[in-house]
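Me: I am new to this structure and would like to learn how to read its features one at a time. Could you take me through them slowly?

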Amino acid sequence: MSTDEAPIKISNNFSRKQLFKMFLKTGQKRIVLSIICGTLIFLAVTSLVMVVYTYRFNVFQTYNDNYNWNDDGKISVGTNYIRSSQFRIPDFLMENVTAEFLSKVEEYIPNILVDNITSAISAEIYIHDPFTGGEPWINHEIMALDNVAFQILNKSVISGRLPQNASELVVYNHDPAYNYTINQTIPFYPLTDFHANTVNLTVVGILANVEEVFLNASLSADIFDWSFDSIFDFYNYFKYNTFITNTTLFQELANNIPFYSGVITHLVDINYDCSALKLNDLNEIINGLPKGNSLASSQILQNFIELCPDLKVAFIDFGELWAIKTTNILTINAPLLFIIGLLSVITLNIGSSELETIFRRMKLYGLSYRTIRGMVLLENFLFSTISLICGSLLGFGVSYLATGNVVDIPGNFYANFLQEPLLVISLSIFFVGFFSLSFFIQNAIAKKTTRTTSEEYRLRRTKIRSVFSTNEFKLFVIALVFSIISLVLYLIYFRIQQTTPEGEANLTNITYLTYIWFMITCSIAFLMTFVFLLIARLITFFWNIISTSLWKKRLNLFTLSLKHLSVGIKNYQVAMLGALIFGLVILPGAAMDNSISSHLNGEISMLTAGANLVIPNWSDGGDELDEVLNNITEIERHTEAAIYIISNDNLDLRYPKSFSISMLALENVSEFIEVGDMSVLKGTKITAEDILKLENNSSILMNKKFARKQRLDYGEYFSTETFTRYANNLTFINSFSYFPLTPIPKKQLFVSGMDVFSIVGKKETIRDVVGWMSVSTDINVQNIKLIKPVNESMLPLIKIKLNAYNLTALDNEELFDNYYSKIDQFTSNNLLLFTIIASFTLLFVSYFTGLTIYQERVRIIESFYRVGAIRKQMIGIFTFEYLLINALPMISAILLSLPLIRPIALLFLNIREEFYPYKPGIAFWFVLVAILVGLTISTLGFLLAIIPKIYRYKPVKQE
């Protein structure tokens, strides 16, 4: 019916509210499906932010756990000043000062927790040494420790005892020029005046390894080597020795000194627990600490104090670490953003074919375009708001359940998540974008009602306009918006970096950089989804050519299906996009663990050369420990090897190029073959005979790539002139792609003019080569002992006997566990989670495609009925089309994902590739199963949509 027909005026009989209700009712299914898609989008966004938030928490917790607050070279809170007066120490001074210092920390850093503290008072004191050239006054330090730290000193006393009265001290020697002995009395001066009354104190104990003892007790080792970087650095002084007592004896000693002139220092070093900190506030916390001329002050001491310089350094270092980690976690989470892009495409296309009919009917009933536009605006706002609320709440619930096993979650963990800027800003931008684009598309459809049928057909013939209406263009617009936002955020961040005053903490990379990378990753994901849509269009073009060719030559059910497929090919685009995304994540998610295990087994085989036991960092210069091994009857054989890492950056231009060389020196070649298992070299060109030839002087094996570059053949000479002081010739035996105990040569990216290679030879040959090196060459060596037991059941007994000599031997299982424990399990679990999410997404996408195909093929179904086709035949035809269109992208994506497994493992999972090259290690049958599973999930979703529709369909009766 033409839009020029006279409308039936019903708009005057109903209120706007009633009209809107009628509008919603007519599009009930479309709105419900849109809300489901929108909910999934906001669920994905919320889940992604929780992944980033939890990962940052884990990274920070690991960083905090590994950060040694007790040995970081910084005092948490301290002050020092010159006192020139009577030396009086009030009762409980240290306790009161410590409590005040801790209250200052809590005042400026809310939610900071304290595991333990170490407190001390230090006083500068002098001895007169007339034999010292120049200044005869020598500075020493008398330190009073808190009671806990003082009692720990018992473990450091190597001679004598701890003080028991005010005239006794223990000494911790820093300078060997001033060694003191037990019962030696020292005349200390309270000021640098030779006529001053001395304080005679007796050394009753000698201390050693104090820092080590304190660190083992989780106390501060920084207390004994304190210094200040702020205005207090004026009072730093060089301390020859430290004399120690406790607070009670120190008070008695100080109160007996009538006049004192020197530096008094108060020290509190804290072992922090930062788990409850709000990480986005680190920049505010650090910049909020008093500094410069506005330092915090102590009411007790009536002096300024330096507050938390250790936290400042640690947090800035974490900011730099997070700048690296955030790129990793967001990059590895890109599949989730792909899924968001896919759901966005689906949502923007839901019901678009129905809306034009609905809008024209509304215009026919007398509704103006302005009224329709208002309804569209209100409808999109409602379903966008409902999607936001449902998706974010569901996402929070799922995230709450998923993070239940995260270790040491503080009480404010989830409250901080709800205030996470990344969450708030991301949900806001997605809401605005979701609402705006949906309204834009529906409004464009509504606007068509203002044009006549002839005008509409004329516009449809415009090729440029048709391009702007495609899914690809819509997604490109989204990607462009995100890219512009990303660029603006980066320019703001860059501006902040440039304008931050020198010396002021700038941790914006924690608060802003996370969001910048989030937006950049979103931009890349949407652009990649745009590329995938183009690929889908190319695939459809391929099928269109085939169907056109076959349809002309032969008319049957098969060619008819292909013809239908090519005509309605755009309906399959979203399905192909889902197949591509699923295909990319299925293998990295489902097969990564097996792939990693396969690689680690190969890595360990190369590390041990197939031996049953290995002792790393072996040291036995006099071969005394070899005799110990010989006397252990459970050991059949053992051998030694040395790994040399040799490098020279060639700054003096002495050599043609800089170089990095890995050399393996075998102490006994035949024993190496007998102790190890040479089957580990299966798949390489090296044989046991090649290894035995290394017994000949100056014979070597070399890695394949460098040997090929040098064009070496068996028996030819390789000159060392490019990396030794003078040229010597080595005889080339064979090349290897990898060899036991020999690090894989790796050249740094973007570094040219550098030789990187590996060679293997017997001990004498390699030592000669090392001896030819210049003094400017860096040489690092690690000795390894390989052990072969009489039988494997003897391994536990051998370990016990070796432990008696402080030797730790590791078997293959222990090495595997050690390597596996270093894998980033958080990211590994992420990959598996993406496989599950992608599977459900593929199911949903297939269901949506099934509905779309049915709507498109209703008339064809009617024709099938007329020619006598039964329902099963129609379902079979549609399923055949769907499998045909999805098989190619599914298979292509899965095969393309195989090369991605290695970089994912090395870059994101912390996998080591030191001795054995990483290989996917995925069997062909597993790839085949992945393809079949993907096609099964896809087909299942399609059938869930198409079967009920076809079986409920009733053909129109003919009169």
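The dialogue below goes from overall confidence to the fold, the surface and the charged pairs.

Me: What is the mean pLDDT of the protein, and where does pLDDT stay under 50?

Reply: Where pLDDT is low, the predicted coordinates should not be read in detail. This is a predicted model, and its mean pLDDT is 81, with 86% of the residues reaching 70 or more. Over residues 1–6 the pLDDT is below 50, and this stretch has 11 contacts in the model beyond near neighbours in sequence. Residues 502–509 also stay under 50, and for them the model has 28 contacts beyond four places in sequence.

Me: How many helices and strands does the protein have, and how much of it counts as buried?

Reply: The secondary structure comes to 30 helices and 20 strands, and of the 959 residues, 52% count as buried. Among contacts with a separation of 6 or more, 83% are between residues 24 or more positions apart. The protein exposes about 44900 Å², of which carbon and sulfur atoms supply 57%.

Me: Which residues form a nonpolar patch on the surface?

Reply: The patch is made of Phe476, Leu480, Ile484, Val488, Ile492 and Leu527, which together have about 490 Å² of accessible area. Helix α16, covering residues 471–499, gives the most to this patch, with five residues. Ile492 has its place in that helix, α16, and it counts as partly exposed because its relative accessible area is 45%, which falls between the cut-offs of 20% and 50%.

Me: Is Thr639 buried or exposed, and which residues does it touch?

Reply: Thr639 lies in strand β13, which covers residues 635–648. Thr639 is buried, because its relative accessible area is 1% and buried means under 20%. Leaving aside residues up to four places away in sequence, Thr639 touches Asn668, Glu671, Phe672, Val675, Ile784, Lys785 and Leu786.

Me: What parts does the salt bridge of Lys799 and Asp811 tie together?

Reply: The side chains of Lys799 and Asp811 meet in a salt bridge at 2.6 Å, N to O. Lys799 lies in helix α26 (residues 795–803) and Asp811 in strand β20 (residues 810–811), so the pair ties together parts that are 12 residues apart in sequence. Lys799 and Asp811 are both buried.

Me: How should I read the salt bridge of Lys799 and Glu814?

Reply: Here the side chains of Lys799 and Glu814 meet at 3.0 Å, N to O. Glu814 lies in helix α27 (residues 812–820) and Lys799 in helix α26, so this pair ties together parts that are 15 residues apart in sequence. As for burial, Lys799 is buried, with a relative accessible area of 16%, whereas Glu814, at 34% relative accessibility, counts as partly exposed.

Conventions:
Residues are numbered from 1 along each chain as its sequence is written. This is a predicted model: local features need pLDDT of at least 70, side-chain atom pairs count only at pLDDT 80 or more; totals for chains, interfaces and linings use all residues. Side-chain values use heavy atoms; hydrogens and water are left out. Helices (H or I, at least four residues) and strands (E, at least two) are DSSP runs, numbered from the N terminus. Buried means under 20% relative accessible area, exposed over 50%, partly exposed in between (1.4 Å probe, protein chains only). Contact means heavy atoms within 4.5 Å. Accessible areas come from the Shrake-Rupley method with a 1.4 Å probe; for residues, only the protein chains shown count as cover. Patches are made of residues with over 30% relative accessible area and no salt bridge: like charges are joined within 9 Å, nonpolar side chains (Val, Leu, Ile, Met, Phe, Trp, Tyr) within 5 Å. A salt bridge is a side-chain nitrogen of Lys or Arg within 4 Å of a carboxyl oxygen of Asp or Glu. pLDDT is the predictor's confidence in each residue, from 0 to 100.
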